[in-house]
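Dear colleague,

Please find below the structure I promised to hand over.

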Amino acid sequence: MSKPGSVRASVRDHEVDDSVASLGFGFLHLPPTRRSPLVIKTVKKDSWADLQGVVPGTELLELDGEEAGCLTPEHFREALQRRPLRLKLAPPYGEVWKQVAHFQQQVVALSLQKVHLQQALKDESDRVMRELGICTELEKSNSLQHKAKLLKDQAQQLQEKRDLEEEVERLQVELETSHAELASERQQLEEERNRWQAELEESHRRLASEQQSMEDERKDLEAKLDTATASWSSQKERMEEEKSEMQASISELQAELQRCKAELAVTAQSEEFRSAAEFKQAELEAEKLRCSAEREESEVLRRKLQEQDAHVQEVNAELSKVRLQLASTRPSLEALLAELATPELFKVESPAPVSATTGLGPGVTPAARRSFQRRSLVPAEPEKVQADSEEEMF
């Protein structure tokens, strides 16, 4: 017996042209039916259906795009006579339908054998009656034997009928057991699919949370980098201003020194001018010392700026690493999102390509999906076996 997880052949579309007079198959039920689709019971040998590979148990899903199980009997018969005609057929469901098809073939074979036996019995009875009509005394002598033979034949036929009914009941019990096993396994597969779906959703939420945290860290690092860059720029501008002021002070001092030298050259003989010059020289030396101190402070500030610049470069390197991590993580996140958006990953392959959820294939209509969902989970109702001469063929 095939399991629910085995791959079922794809639903096929068939085109019937004007050259086909009869399709050559009969159904278990005529529409409207409680369980769509319709199931083909018999296939006539060398007919169009036989040449197309249709076997007993095949499901008729649609006629010209209409769901076959929802049509009225009149509309259904009229639709089967239309040409050209487009049929959507689904192959039998695994070993269960093969058993049903085999059982139907056995029933038909037994029915034909019964008809042949009845016809042979009737011919033999007519022949005997004709002979008895010629010889009435023989009829009287053999009447008891003839009646005993008839009773024996009737008892044998009754026994064959009982054996056939027992075989039908046994097959029905096996079919119900198979349906129960299929329903149980389908329930287990559904629970497994729900568990995997929950795990994938949890993984998706966790990845989204991690992505959000990494985005927040990136924004924080960018804010810190902007703040450090602004601080470094302001400090650099302030140092440039201080440098300009120091250069201006040095220029003024040099001009004052030149003026003092000129005055000393003019009034070299004056002692007072000399003392004033010495005083000015001392002031100049003090100013040079102050300028040296300010230059050392500028050097300290420059080293601090270099350290801050190195820190900014480290922050930039760390930010580049974070960006690379984000760039390497993005394809995996996009792949996970693509997998979550694709229903084929959780699809449970079933007799009717899943789920997103059923896996029937891209060309399967809603009627085919409903056929898969309702595929003979309820045992078929027992019906009376009819001969081929009494079955309606299309």
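Arg290 and Glu294 both belong to helix H5 (residues 271–341), where they sit four residues apart, about one turn of the helix. The two form a salt bridge in this predicted model, and their closest N and O atoms are 2.5 Å apart. Arg290 is partly exposed, its relative accessible area being 36%. Glu294 is likewise partly exposed, with a relative accessibility of 23%.

Helix H5 also holds Glu299 and Arg302, three residues apart, again about one turn of the helix. These residues are joined by a salt bridge whose closest N and O atoms are 2.0 Å apart. Glu299 counts as partly exposed at 30% relative accessibility, and Arg302 counts as partly exposed at 35%.

Salt bridges with shared partners also link Glu215, Arg218, Glu222 and Arg323 into one network. Within this group, Arg218 forms a salt bridge with Glu215, and their closest N and O atoms are 2.3 Å apart. Both residues lie in helix H4 (residues 136–266); because they are three residues apart there, about one helical turn separates them. Arg218 has a relative accessible area of 18% and is therefore buried, the cut-off for that class being under 20%. Glu215, at 25% relative accessibility, is partly exposed.

In total, the structure contains 17 salt bridges; those described above are among them.

Yours sincerely

Technical notes: Residues numbered from 1 in each chain as written. Predicted model: local features only at pLDDT ≥ 70, side-chain atom pairs only at ≥ 80, totals over all residues. Heavy atoms only, no water. Salt bridge = Lys/Arg side-chain N within 4 Å of Asp/Glu carboxyl O. Helix = DSSP H or I, 4+ residues; strand = E, 2+ residues; numbered from the N terminus. Buried < 20%, exposed > 50% of the residue type's maximum accessible area, 1.4 Å probe, protein only.
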